[in-house]
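Reader: I would like to learn how to read a model like this one. Please take me through it feature by feature.

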Amino acid sequence: MNKLKGIGVSPGYAVGKAIVIVENEIDVNSSVFTTAEEELKLFNDAVGEYTKQTRRLIESLTKSAGKENADILEGHLVMLNDPFMLSQISDSVNGGNTAAQAVNAVCDSFYDMFSSIEDEMMKQRASDILDIKNSLLEILCGGGVAIEDVPKGSILIAKDFTPSMTSRINRENVFAIIAEVGSVTSHSAILARAIDIPAVLSVKDATKLIKNGDLLAIDGSKGTILFEPDEKTVSEYEKMRENYFAEKASLSEYFSKETVTKGGVKKAVYGNIGKPEDIENVLHNGGEGVGLFRTEFLFMDRPSLPTEEEQYEAYSTVAKSMGDREVIIRTLDIGGDKAVPYLEIPKEDNPFLGYRAIRYCLDNPEMFKTQLRAILRAAYFGNIKIMLPLITDISEVKAARALIAECEAELEKEGAHFKKNVPVGVMIETPAAVLIADELAKIAEFFSIGTNDLTGYVMAVDRGNGRVSGLYSVQRLAVLRAIEMTIKSAKKAGIPVGMCGESAADRELIPSLVKWGLDEFSVTPNSILATRKAICECE
Ligand code: PEP
Ligand code: MG
């Protein structure tokens, strides 16, 4: 069985027949210039028609994927009405170009400008411009792609799926989409997730390697495409597809439900994120807040430290998108298994017990303060809390608080917009923190239990070592006791306590967490609804 691999951006399974969408080459020179007035009229009529078509798509997309996703197309209408763009088009027409030639040239120049900027948002703008251009040229010159009419069980393959192409997909008939470009944050990915069809993007040469009529089996999470699967594989994929939809259906009712136990106790389910773009997934899954923003991802995969402005941009984007809902930003947690090469931390014999997280930050106060200043400024726009990782001693919390106070004083002096008294919490992820939780609760405004590290440190086990990894389980008595002790200390002190390690989504553990009194469960966005369901089923 031949196989192709791309980025799995929308989960689910599908078996179906390939339809390769070949875009008709539009000939922008097919008409001749009449008069500038006539060409401008053609252009304005085309804009009118485009607006009408787009409004129709927005209406149907609002029903199938929600207003938030339909806003992508609303954004196209705003872009098209940009006075600068409109004046460029009329200048071009007045210079002797037909409406089609003017649209083609002006959109291409905007496309070149946006796509030359190394920024995900600008790249997205570039793809939006391309979408607008193609739609206008289809109206002016004819042509286009008939996506609406494909038969049931189709898997569509295209170079790219623009928002207007994606929004014309009938999900009853289209079982999956595959594109040569795109990433988790492209609009095509966002829309595919919103209408819940599996999508695999960034599959190099897909439109050449896949032929019309090929039978394909798709896994939208793993990003795999199998060619001509045998009967056994087909029935496995069909079973997985059925199970996927059954599970989805049973969970969807929890999207708008409150997280309340049978006994009427209110809990909260939050999402864990690594980048501002992940917020979309938290909201789409009904997350009530962000319980862990792993800021180290802003520091990785780049040649140097992010500036205060870059960090401010990322944190404030998240704060604004979440409105009143809590956003817990964890300060830099590098070291251990999270390498940041440009920091040149010397190689250590025991990196998990070494120079990492809060230890590194307190030892590099200028770098740490850059992050804290960015967080305090972003807090102005929302409900941000600060969380300190790998705490083992009271002195670390005091030192971090002193730096926060310094940042506040500096910002005050500069007259900057920022928030004072942002709540500061502590991650409980070391045995030391568990043992002094009663003392920590006096200087922390909340706890969040990090079971990923806590399990390893409590059990003294390296989970990467196959000989001992069996001991790495949250169900070991020592780990369970550590969790229970932490929750009790928080309750006694009257501060909220959450969990942001993977175990917060562990269905076997959730009843105990609820019994002990855990307030907030922060999980990967795709586990939010299942976690809410498990909590609602607890006594
Ligand atoms: C944890 O240790 O449980 C945790 C949430 O932090 P990370 O997985 O980022 O170390
Ligand atoms: Mg950790």
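Author: Buried means under 20% relative accessible area, exposed over 50%, and partly exposed in between (1.4 Å probe, protein chains only). Helices (H or I, at least four residues) and strands (E, at least two) are DSSP runs, numbered from the N terminus. This is a predicted model: local features need pLDDT of at least 70, side-chain atom pairs count only at pLDDT 80 or more, and totals for chains, interfaces and linings use all residues. Residues are numbered from 1 along each chain as its sequence is written, chains are lettered from A and ligands numbered from 1 in the order in which they are written, and side-chain values use heavy atoms, with hydrogens and water left out.

Reader: Which strands pair with E13 in the parallel sense?

Author: Two strands pair if DSSP finds at least two bridges between them. Strand E12 (residues 383-388) runs parallel to E13, joined by three bridges. Here Ile386 is opposite Val424. The chain gets from E12 to E13 through helix H15 (residues 394-414), in a right-handed β-α-β crossover. Right-handed means that, with the strands pointing away from the viewer, the path from the first strand over the helix to the second runs clockwise. Strand E14 (residues 446-449) is also parallel to E13, over four bridges. There Gly425 faces Phe446.

Reader: Which residues coordinate the magnesium ion?

Author: Donors are N, O and S atoms within 2.8 Å of the metal (3.2 Å for Na, K and Ca); water is not among the atoms, so sites may look incomplete. Glu429 (OE) and Asp453 (OD) coordinate the magnesium ion (ligand 2), at 2.1 Å. Glu429 lies in the loop between E13 and helix H16 (431-435), while Asp453 is in helix H18 (residues 451-459), 24 residues apart. Glu429 is buried at 2% relative accessible area. Asp453 is buried too, at 14%.

Reader: How do I read a salt bridge, and how many are there?

Author: Side chains of opposite charge can pair when their charged atoms come close. The rule is a side-chain nitrogen of Lys or Arg within 4 Å of a carboxyl oxygen of Asp or Glu. The count is 37 salt bridges. One of them joins Glu296 and Lys338, with the closest N and O atoms 3.3 Å apart. Glu296 sits in helix H11 (residues 296-299), and Lys338 in the loop between strand E11 (326-330) and helix H13 (357-363). Glu296 is buried, at 0% relative accessible area. Lys338 counts as buried at 18%.

Reader: Where do Arg401 and Glu445 lie?

Author: Arg401 is in H15, and Glu445 is in the loop between helix H17 (437-443) and E14, 44 residues apart. Their closest N and O atoms are 2.6 Å apart, in a salt bridge. Arg401 is partly exposed at 29%, and Glu445 is partly exposed at 35%.

Reader: What should I check in a helix?

Author: Check the span. The expected value is 1.5 Å times one less than the number of residues. Helix H2 (residues 67-80) has 14 residues and should span 20 Å; its end C-alpha atoms are 20 Å apart, which agrees. H2 also bends by about 30 degrees at Leu73. That bend is the angle between axes fitted to the seven residues ending there and the seven starting there. Among the buried residues of H2 are Ile72, Leu73 and Leu77.
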